[in-house]
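Please have the sequence and the model in view while reading.

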Amino acid sequence: MPLLKQRPHHTKATDHFRYLSLSPTESTYPFSSIKKKIPMQLFGSTDSGHSYKVRSFLLLTNTPHDYQWVDLSNKPSAFLAISPFGEVPVLLDQGRIFCQSNAILIYLAQRSGQFTGGEEWQGALEWLSWEANRIGFSLPNYRFALHWQPQPPEVMRYLQQRVLADLNTLNEKLAVREFLLKSGLSIADISCSAYLFWLDQIGVDVADYPNIKRWLAAICQLPGWCHPNEAMKRIPNPD
Ligand SMILES: N[C@@H](CCC(=O)N[C@@H](CS)C(=O)NCC(=O)O)C(=O)O
């Protein structure tokens with residue numbers, strides 16, 4: 001049964017920071033006993049590439065989880081009660097709350113030992129930091145402005161230029177290796193590629209960036225991979 005229907009009362013937003021600071025054994029999350037019996041829950045939404053990063057990791061690693069679709073135009077109070085910043089993604093695992101897509105990827109990689117980059121762990125973290133300020137900022141904001149919230153022409157130009165600069169960076173780095181780290185697929189690729197599966201929505205032809213095109217094609221071939229349009233769509237509640 002979805003968590004949103006299980007919470008009997010509203011929890012103050014400030015409480016979540018308290019939960020976040022607790023170790024798993026100290027967790028006082030009200031439903032920790034219930035959580036142990038069910039897989040992790042991912043709260044995400046359609047069109048959210050940040051949520052898609054986490055969903056993608058879970059699908060690629062075949063990790064059992066419940067995907068909870070959130071209506072961002074009318075966020076349920078029960079979701080707001082568990083989301084420290086009122087944003088998706090949020091991951092619940094054994095009574096603990098995790099937020100911020102790249103921080104969640106770090107948690108999942110460490111928890112599972114998968115897609116860590118191995119000895120290149122530091123490199124993986126550097127790519128996640130780059131993503132947060134570059135392609136994970138420029139592309140979603142430009143896309144949002146194009147489709148949902150138009151901005152003045154100079155702002156559109158600024159956003160577009162940032163996207164194109166970031167695509168050039170990625171294309172150059174990928175000229176010498178298959179994935180962002182020498183050791184192969186890692187959370188760096190999962191994070192940096194997430195919004196790029198929507199390049200068509202910002203009027204960019206991926207053929208103009210041949211190394212990115214090859215990289216995305218390689219990711220698409222991975223067992224468990226699912227396009228964001230499919231992975232993030234609303235899943236009706238069973239009841
Ligand atoms: N820095 C955050 C960004 C998350 C984010 O921007 N989430 C968007 C959807 S992609 C959201 O929840 N927007 C709803 C809102 O801000 O009201 C992360 O990496 O998780």
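The text below takes the core, then the backbone.

The model is predicted: local features need pLDDT of at least 70, side-chain atom pairs count only at pLDDT 80 or more, and totals for chains, interfaces and linings use all residues. Residues are numbered from 1 along each chain as its sequence is written.

A nonpolar core is a set of buried Ala, Val, Leu, Ile, Met, Phe, Trp, Tyr and Cys residues joined through C-beta atoms within 7 Å. A residue is buried if 20 or more other C-beta atoms lie within 10 Å of its own, exposed if 12 or fewer, and partly exposed in between, with C-beta atoms placed from the backbone. The largest nonpolar core has 48 residues, and Phe57, Leu105, Ile187 and Ala188 touch the most other members. Domain 1 (3–114) and domain 2 (118–220) each supply at least three residues to this core; the domain bounds come from an automatic or database domain assignment.

Beyond its neighbours within four places in sequence, Ile187 has contacts (C-beta atoms, placed from the backbone, within 7 Å) that include Phe57, Leu105, Phe115 and Leu128.

Most residues other than glycine have a negative phi, and most peptide bonds are trans. The bond joining Val88 and Pro89 is cis, with omega about 5°. Two residues that are not glycine have positive phi:

| Residue | Phi |
|---|---|
| Gln94 | near 50° |
| Gln100 | about 70° |

Gln94 is partly exposed because 13 other C-beta atoms lie within 10 Å. Gln100 is partly exposed too, because its count within 10 Å is 18 other C-beta atoms.

Conventions:
Contact = placed C-beta atoms within 7 Å.
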